[in-house]
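Below is a short briefing for someone meeting this structure for the first time. It is arranged by topic.

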Amino acid sequence: MAFTKIEHFEREYADTHHDTALNVTEGVEDKPIVNPYFVKRKKRSLSTDEYVDGILRGDITTLSQAITLVESSNPAHYTQAQEIIERCLPHAGRSLRIGITGVPGAGKSTFIEAVGNMVTRLRHRLAVLAIDPSSERSGGSILGDKTRMESLVSNRDVFIRPSPSAGSLGGVARKTRETIVLCEAAGFDVIFIETVGVGQSETAVHSMVDMFMLLQISGAGDELQGIKRGIMEMADMMVITKADGENIHKAQLAKTQFEGALRLFPMPESQWRPKVYTCSAYTGDGLEEVWKGIEEFLDHTQTNGYFTDNRNRQNKYWMYESINETLRNSFYHNPEIEALIGDYEQRVLNAKMSSFIAAKELLDKYFEIRNSKSEIQD
């Protein structure tokens, strides 16, 4: 068999230099990255008493674990989570709940960080419930807000909880209402609820807070464009952020425009005419005025009784919301309904059955199934 010149040279070199340092040694076998003697121990689950005791002591770790339990979609966790909430309820309700929203880029996280540090200096304890956009792949929280609030994270009087929106209406986390109860029982007397952005989520947040704050920036074209009238009507306070440097004049102009727009709306049920403030989270200018405005609103609504009436109305609203959610989950998670619903959907799409008839027949079948099961149990 004929060899090329290069192949001949390589064979000759290997025969004459097999004892040189140019030979490649086999080396040593790669060691495993994970310690083979490591044994993962299953974390011990806390009892309901341990959860409640830890929350009432203000233990952050226990509070975080309890919130995770409340947010869990595992049916096995539901009963214990409700017991924890029920036992914490008598210790809750003694906080100021503030919803904070605004257009993207309004600086919500920066504003919350600046105001939060000021609030803790006034001897308050602050809980920030940041409704974080869910990851499209994992469904988990992206945790962007927590990484942006660096100084608040290290503040011992502040608890930050990013919760994934999990695709719920407008991005509001399904269990935020219960989380508020746990935070209040843990001793946090000021609670900020930050939403993803301007959208349908504001309606849900408005139904769980005492005050609704809308953040806006100036110098972005027509100041009143892109803001839904319904969201402006919900606002108890409007804050023009980033009012520093060359932007101060634009912020004052925007303040005048918004004040004029708000005067066109009818007087809210709280009998509080919303005010507009300017501030800079970077320089700190205007932050004290914003907090004084919050205190004025609180004094006003507590004096005229709106604060208590609003809380009672919210409790009633969330009772019915919980009923609706439970019935909806029971219907869609029923195995027999799951087997039928695809067929009915196809009939509707093929125009062989109206949407209303399909819904009625499915509901009738669902109640038949429920009634037959209850008769068997009796």
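Arg347 and Asp343 are four residues apart in helix H14 (residues 335–349), so about one helical turn separates them. Their side chains meet in a salt bridge, 2.8 Å from N to O. A salt bridge here is a side-chain nitrogen of Lys or Arg within 4 Å of a carboxyl oxygen of Asp or Glu. An α-helix has 3.6 residues a turn, so residues three or four places apart point the same way.

This is a predicted model, in which local features need pLDDT of at least 70 and side-chain atom pairs count only at pLDDT 80 or more, while totals for chains, interfaces and linings use all residues. Residues are numbered from 1 along each chain as its sequence is written, and side-chain values use heavy atoms, with hydrogens and water left out. Helices (H or I, at least four residues) and strands (E, at least two) are DSSP runs, numbered from the N terminus.

**Salt bridges**

- The structure holds eight salt bridges, and the Arg347–Asp343 pair is one of them.
- Arg347 is partly exposed, at a relative accessible area of 30%, and Asp343 is partly exposed as well, at 41%. Buried means under 20% relative accessible area, exposed means over 50%, and partly exposed lies in between (1.4 Å probe, protein chains only).
- Arg87 and Asp49 form a salt bridge through their side chains, at 2.5 Å from N to O. This pair links distant parts of the chain, with Arg87 in helix H4 (residues 75–88) and Asp49 in helix H2 (residues 48–56), 38 residues apart.
- Arg87 has a relative accessible area of 39% and is partly exposed; Asp49, at 43%, is also partly exposed.
- Arg311 and Asp210 meet in a salt bridge of 2.7 Å, N to O. Arg311 lies in helix H13 (residues 306–332) and Asp210 in the loop between helix H9 (201–206) and strand S5 (211–217), so the pair ties together parts that are 101 residues apart in sequence.
- Arg311 and Asp210 are both buried.

**Helix packing**

- Two packed helices are described by the angle between their axes and the distance between the axes. Axes are lines fitted to C-alpha atoms, for helices over the stretch in contact, and angles run from 0 to 180 degrees between N-to-C directions.
- H2 and H4 have axes 10 Å apart and pack at an angle of about 40 degrees. H2 and H4 are therefore oblique to each other. Angles under 35 degrees count as roughly parallel, over 145 as roughly antiparallel, 65 to 115 as roughly perpendicular, and the rest as oblique.
- The axes of helix H3 (residues 60–71) and H8 come within 10 Å and cross at roughly 160 degrees. H3 is therefore roughly antiparallel to H8.
- H2 passes H4 in a right-handed crossing, and H3 passes H8 in a right-handed crossing. A crossing is left-handed if the near helix is turned anticlockwise from the far one by less than a right angle, and right-handed if clockwise.

**Buried parts**

- Helix H8 (residues 176–185) is mostly covered, with 10 of its 10 residues buried. Among them are Arg177, Glu178 and Glu184, along with Ile180, Val181 and Leu182.
- Gly187 follows H8 and has a positive phi, near 100 degrees.
- Met234 is in helix H10 (residues 229–234) and counts as buried, at 16% relative accessibility. Its C-alpha atom is 8.9 Å from that of Leu214, a residue 20 positions away along the chain.

**Surface patch**

- Met319, Tyr320, Ile323 and Leu327 form a nonpolar patch on the surface, with about 400 Å² of accessible area together. Patches are made of residues with over 30% relative accessible area and no salt bridge; like charges are joined within 9 Å, and nonpolar side chains (Val, Leu, Ile, Met, Phe, Trp, Tyr) within 5 Å.
- Accessible areas come from the Shrake-Rupley method with a 1.4 Å probe, and for residues only the protein chains shown count as cover.
- Leu327 is in helix H13 and counts as exposed, at 53% relative accessibility.

**Positive phi in loops**

- Most residues other than glycine have a negative phi.
- Arg123 is not a glycine, yet has a positive phi of about 70 degrees. Arg123 sits in the loop between helix H5 (108–121) and strand S2 (126–132) and is exposed, at 78% relative accessibility.
- Ala351, also a residue other than glycine, has a positive phi near 60 degrees. The loop between H14 and helix H15 (355–377) holds Ala351, which is exposed at 69% relative accessibility.
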